[in-house]
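Dear colleague,

Please find below the structure that I am handing over to you. I would be grateful if you could read the notes after it with the coordinates open.

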Amino acid sequence: MVGSLPAFVMNYDSYNFGIEFQIIGSHNGWIKITGAKDDPSRSNRPLRPTYSKTGWIPGSSVDFGVQSARGYLRPDIGSPKVLDLKGDWLSSMGDVTLVVACVDEWVLLDYVLKRKRNQTTLALTELSLKEQQASRGRAWFRGVCANQETTCDQADVVLLFDE
């Protein structure tokens with residue numbers, strides 16, 4: 001081990017904040033990162049020692065927002081859809097459990113859905129543990145947002161990332 005990254009923290013507003021970094025590669029469930037940095041203004045804690053050079057971390061330790069409702073079989077919008085959440089984003093309906101690989105603006109993710117939308121009332125309900133287990137999947141997504149405080153500033157996320 002050449003360095004370490006501090007774990008995420010919950011700030012005074014009950015938001016989780018982690019270390020920011022740039023993903024520059026992937027291999028067999030490991031993510032190559034660079035430029036890691038802490039932000040005391042977000043974590044509400046003193047600046048923590050953070051390894052900022054290039055290194056590898058497990059894909060299971062990476063988390064970010066996915067502003068997309070559709071996951072694909074391959075990193076190609078013309079490939080078959082594996083998941084279609086209609087108007088809801090993956091980040092709103094479930095969790096990323098593993099970042100498997102990255103290609104350009106695409107990321108291959110293992111995910112689990114934790115919520116579903118009632119088709120009649122449009123209300124969100126929590127899935128049972130059995131339903132969550134059955135919802136696990138792997139798909140390629142675009143529309144990744146690394147901003148820890150809000151959604152990313154994009155002209156039209158739906159058109160840009162979901163056809």
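The notes below cover a sheet, the nonpolar cores and one aspartate.

This is a predicted model, in which local features need pLDDT of at least 70 and side-chain atom pairs count only at pLDDT 80 or more, while totals for chains, interfaces and linings use all residues. Residues are numbered from 1 along each chain as its sequence is written, and side-chain values use heavy atoms, with hydrogens and water left out.

The sheet is open and consists of 3 strands in the order β3-β4-β5, with antiparallel pairing. Strands are DSSP runs (E, at least two residues), as helices are (H or I, at least four), and both are numbered from the N terminus; two strands pair if DSSP finds at least two bridges between them. At the edges lie β3 (20-27) and β5 (55-58), each of which pairs on one side only. From one strand to the next the twist averages 40 degrees, where axes are lines fitted to C-alpha atoms and angles run from 0 to 180 degrees between N-to-C directions.

Between β3 and β4 (residues 30-37) there are 6 bridges in the antiparallel sense. Glutamate 20 has lysine 37 of β4 as its bridge partner, and isoleucine 23 stands opposite isoleucine 33 in β4. The two strands form a hairpin with 2 residues between them, and asparagine 28 in the turn has a positive phi of about 50 degrees.

Turning to the interior, a nonpolar core is a set of buried Ala, Val, Leu, Ile, Met, Phe, Trp, Tyr and Cys residues joined through side-chain atoms within 4.5 Å. Buried means under 20% relative accessible area, exposed over 50%, and partly exposed in between (1.4 Å probe, protein chains only). The largest such core has 21 residues, and those with the most contacts inside it are Leu90, Val99, Leu109, Leu113 and Phe141. Among the elements that give it two or more residues are β4, α2 (90-93) and β9 (94-103); β10 supplies the largest share, 4 residues. Another core, of 6 residues, lies apart from it and includes Tyr72 and Trp106.

Aspartate 110 lies in strand β10 and is buried, with a relative accessible area of 16%. Leaving aside neighbours within four places in sequence, the contacts of aspartate 110 (heavy atoms within 4.5 Å) include Asp95, Thr97 and Arg138.

Yours sincerely
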